[in-house]
Amino acid sequence: MLTMVKEKTIAPTEEKAVVYRTKELNLWYGEHHALKNIELDIYENEVTAIIGPSGCGKSTYIKTLNRMIELVPNVRTSGEITYRGRNIFDPTYRVEELRTQVGMVFQKPNPFPKSIYENVAYGPRIHGIRDKKILDEIVEKSLRGAAIWDEVKDRLHENAYGLSGGQQQRLCIARCLAIEPDVILMDEPTSALDPISTLKVEELIEELKKNYSIIIVTHNMQQAARISDRTAFFLNGEVVEFAETDQLFSTPADKRTEDYITGRFG
Amino acid sequence: MKRLVDHSEVIQHMNGRLVKNNIFKLLFFFATVFGLIILVVLLYRVFTQATGWLNIDFLQNFPSRIPERAGIKAALVGSIWLMAMVAPLSLFLGVGTAIYLEEYAKKSRFTDFIQTNISNLAGVPSIVFGLLGLTVFARGMELGRSVLAAGLTMSLLVLPVIVVASQEALRAVPNQLREASYGMGATKWQTIYRVVLPAAVPGILTGSILALSRAIGETAPLIVLGIPTFIAYLPKSVFDTFTVMPMQIYNWTGRPQEEFQHVAAAGIVVLLVLLVMLNSIAIWIRNKFQKRF
């Protein structure tokens, strides 16, 4: 059934390059089978939304894409995720290298307790960039890219904790842009923000998709509908349906998807 | 609808609750004041006894049988030597152990075992550490009554406290910060060095100050090691013998002559000043870190 849905929905856009291809991915937390036979393709310069009720495995999946999930003890995986054709579980694929290509924005804004400048310069610094001029340039470019430059340009050297929650989250996006990634993973990036900040972040995602491929986990279905090109619906660790967003929300192929997006459960 | 919360009864109870509220506030206030008063009395006594005896000569003289000529030079310099050894050694070993246990080691029975032992060691009486130092360092390694033997013993004594305090400080660093760092491709060491440690330094220093303050005032392990109290020269290397201020003060208080009580008080003042200085340095470092991040 799973493949059937996929064939039907993915067919029209085969020209776009695939960034991530997930094949038969299974994941266990100890004995708990959290992800079951996930099959999912992520396309370049698109926003892919992952929706589903709490505990459905959507956050687990996105954290598997940059192998952050390995920080959790007793996690086992089977199957394959290829990033640009390379299996990310390959022992020769260094996780630091993968994460330089794949940035991540978290649920709660998590700036470092450092200055705004140092937050953005952190990524380039750990990758060995010391030249002050280049760092300055990266910081400005990243902050502009995250649409927060005008708000912070006069206080770059003040502590990032002085910013509002929404500004902090955009700072975290800027910090993520500073390593010039290819993909940006966002794990419920607006769940801790007020509606106006949420709107700003959503506008930003729209803008970022021109240069980056974005995968966003959200439990806000309107958000998925507003900003994503494709949506995957997760339920109990399985992908129930993966389709173009318009299609998934207007004519869901699976009854369970329909129940979820119409608010009958979850 | 039947009301489960009877508001008239709530009002009746209100007085009793508010009185209790005030009683506890007063109780805690008295607890604070009690400690403070004792401290002030103690300091007052020490300082009044020390006046007239505490002068430049006191700092520059070696110990003497004659109270007027007795000085604290040997003990003061000895304490500084001891601290210069204990502070870096115990900080390096203590913080290193804490980092390993908190950041690297996977939870296993082995780490649980180490953890339990460290917590227990923190409660072991200092005299036991003295016996350990005597057996291992003084006799086993033939270091005798040297600065080195005493320094190693003292480092072991304060180590568990520093480990436990540092672990607490590391645990208090939110995991989100580590995740943010790893998420950008930082290695474990980069994450520890640039994110975790700076955030934990204030906590680590607070615990370490307490531990080192204990080391500077400790006598029991040094008595077991046989550190002398009457020394008329300064150590030239870590292999020389020496004495420290608490030993010297203890020796003076045990003398029959009335005047030596004043000499001891003067010694206590010097010891307190050294302590305050050490703490100030640590607080200064801590504030510097807090400002930077």
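Between chain B and chain A there are five residue pairs in polar contact, with both residues at pLDDT 80 or more; a polar contact is a pair of N or O atoms within 3.5 Å, where within protein one must be able to donate a hydrogen and the other to accept it, and residues adjacent in sequence count only if both atoms are side-chain atoms. The model is predicted: local features need pLDDT of at least 70, side-chain atom pairs count only at pLDDT 80 or more, and totals for chains, interfaces and linings use all residues. Residues are numbered from 1 along each chain as its sequence is written, chains are lettered from A and ligands numbered from 1 in the order in which they are written, and side-chain values use heavy atoms, with hydrogens and water left out.

**Interface of chain B and chain A**

- Chain B contributes 17 residues to the contact and chain A contributes 24 residues, contact meaning heavy atoms within 4.5 Å.
- About 1,800 Å² is buried between chain B and chain A, with 62% of that area from carbon and sulfur atoms; buried area is the accessible area (1.4 Å probe) that two parts lose on being put together, summed over both.
- Zero salt bridges are counted between chain B and chain A, a salt bridge being a side-chain nitrogen of Lys or Arg within 4 Å of a carboxyl oxygen of Asp or Glu.
- On the side of chain B that touches chain A, α7 (175–183) and α8 (188–217) of chain B each supply at least two residues; helices (H or I, at least four residues) and strands (E, at least two) are DSSP runs, numbered from the N terminus.
- The most residues on that side come from α7(B), which gives seven.
- By class, the side of chain B that touches chain A has seven nonpolar, seven polar and three charged residues; Ala, Val, Leu, Ile, Met, Phe, Trp, Tyr, Cys and Pro count as nonpolar, Asp, Glu, Lys and Arg as charged, and the others, Gly among them, as polar.

**Domains of chain B**

- Chain B splits into domain 1 (2–50) and domain 2 (57–292), with bounds from an automatic or database domain assignment.
- The C-alpha centres of domain 1 and domain 2 of chain B are 36 Å apart.
- Five residues of domain 1 of chain B contact seven residues of domain 2 of chain B.
- These two domains of chain B bury about 490 Å² between them, 78% of it on carbon and sulfur atoms.
- B:V46, B:Q49 and B:A50 account for 77% of the area that domain 1 of chain B buries against domain 2 of chain B, more than any other three residues.
- Between domain 1 and domain 2 of chain B there are zero salt bridges, and one residue pair is in polar contact, both residues being at pLDDT 80 or more.
- The side of domain 1 of chain B that touches domain 2 of chain B consists of four nonpolar, one polar and no charged residues.

**UniProt annotations**

- The unreviewed UniProt entry lists residues 76–281 of chain B as "domain: ABC transmembrane type-1"; UniProt positions are in the numbering used here, feature names are shortened, and annotations may be inferred rather than shown by experiment.
- Residues 76–281 of chain B are 77% helix and 0% strand, with end C-alpha atoms 18 Å apart.
- Spans listed by UniProt (unreviewed entry) as "transmembrane region" in chain B include 80–101 and 263–285.
- Residues 80–101 of chain B are 100% helix and 0% strand, with end C-alpha atoms 31 Å apart.

**Salt bridges**

- Over all chains, the whole structure has 27 salt bridges.
- A:D41 and A:R21 form a salt bridge, with the closest N and O atoms 3.2 Å apart.
- A:D41 is in strand β2 (residues 32–43) of chain A and A:R21 is in strand β1 (residues 18–29) of chain A, so this pair ties together parts 20 residues apart in sequence.
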